[in-house]
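Dear colleague,

I am handing over the structure below, and I would be grateful if you could look through it alongside these notes.

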Amino acid sequence: MEKIKALIDSIGFNNFVLLASGALGAFSYAIKKEMKLWQRLSVIIMGGACSLFVAPLIVYYLNLPNTTQIAGGVGYLTGLFCIEVMETFFRIFDEVQKNPKFILDYITKRFKR
């Protein structure tokens, strides 16, 4: 318990709330989807990291009160949004593994006239 308290004190309570809420938002999405274990872990880590870095910008930009509750809510939603981006990345990565020429084919179809 002392180690957890020292960790929270070292990164700041609001930052801890952002990290935890983003990770929980990503976790709540990851358990509903059928993914590989490494994808789930990546999604949870990415949700927490995105929340930690992006949520304060959203709070500042929208002139929201800088409270722990607001930070937690915005962090949760930011974590959910970021995992949508990660899921798109995984789909592209899986498609590239199946068909390595996927990107070139897409580009040539897009710019073909």
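Which residues do ring pairs link into a cluster? Ring pairs link Trp38, Phe89 and Phe93, where rings of Phe, Tyr and Trp (its six-membered ring) are taken to pair if their centres lie within 6.5 Å, with planes under 30 degrees apart counted as stacked, over 60 as edge-to-face and the rest as tilted.

Before the details, please keep in mind that this is a predicted model, in which local features need pLDDT of at least 70 and side-chain atom pairs count only at pLDDT 80 or more, while totals for chains, interfaces and linings use all residues. Residues are numbered from 1 along each chain as its sequence is written, and side-chain values use heavy atoms, with hydrogens and water left out.

As for the overall layout, the protein chain has five helices and zero strands, helices (H or I, at least four residues) and strands (E, at least two) being DSSP runs numbered from the N terminus. Along the sequence this gives the pattern α-α-α-α-α. Of the 113 residues in the protein chain, 26% are buried, where buried means under 20% relative accessible area, exposed over 50%, and partly exposed in between (1.4 Å probe, protein chains only).

Tryptophan 38 and phenylalanine 93 form an edge-to-face pair, at 6.5 Å centre to centre and with 80° between the planes. Because tryptophan 38 lies in helix α3 (residues 37–61) and phenylalanine 93 in helix α4 (residues 68–98), this pair ties together parts that are 55 residues apart in sequence. Phenylalanine 89 and phenylalanine 93 form the other pair, which is stacked, at 6.2 Å centre to centre and with 20° between the planes; being four residues apart in helix α4, phenylalanine 89 and phenylalanine 93 are separated by about one helical turn. Tryptophan 38 counts as partly exposed because its relative accessibility is 42%, phenylalanine 93 is partly exposed at 35%, and phenylalanine 89 is likewise partly exposed at 46%.

There is also a nonpolar surface patch of about 500 Å², made by Leu24, Phe27, Ile31, Tyr76 and Leu77. Patches are made of residues with over 30% relative accessible area and no salt bridge, like charges being joined within 9 Å and nonpolar side chains (Val, Leu, Ile, Met, Phe, Trp, Tyr) within 5 Å. A salt bridge is here a side-chain nitrogen of Lys or Arg within 4 Å of a carboxyl oxygen of Asp or Glu, and accessible areas come from the Shrake-Rupley method with a 1.4 Å probe, with only the protein chains shown counting as cover for residues. Helices α2 (13–30) and α4 each supply at least two residues of the nonpolar patch. Leucine 77 and glycine 47 are 30 residues apart in sequence, and their C-alpha atoms are 9.4 Å apart in space.

Two polar contacts may interest you, a polar contact being a pair of N or O atoms within 3.5 Å, of which, within protein, one must be able to donate a hydrogen and the other to accept it, while residues adjacent in sequence count only if both atoms are side-chain atoms. Serine 21, which is found in helix α2 and is buried with a relative accessible area of 11%, reaches with its side chain the backbone oxygen of glycine 72 at 3.3 Å. Threonine 78, in helix α4, is buried with a relative accessible area of 5%, and its side chain reaches the backbone oxygen of valine 74 at 2.7 Å.

Two further points remain. A search of the whole structure finds zero disulfides, a disulfide being a pair of cysteine sulfur atoms within 2.5 Å; cysteine 50 counts as buried at 13% relative accessibility, and cysteine 82 counts as buried at 9%. Asparagine 63, in the loop between α3 and α4, has a positive phi of about 55° although it is not a glycine, and asparagine 63 counts as exposed because its relative accessibility is 67%.
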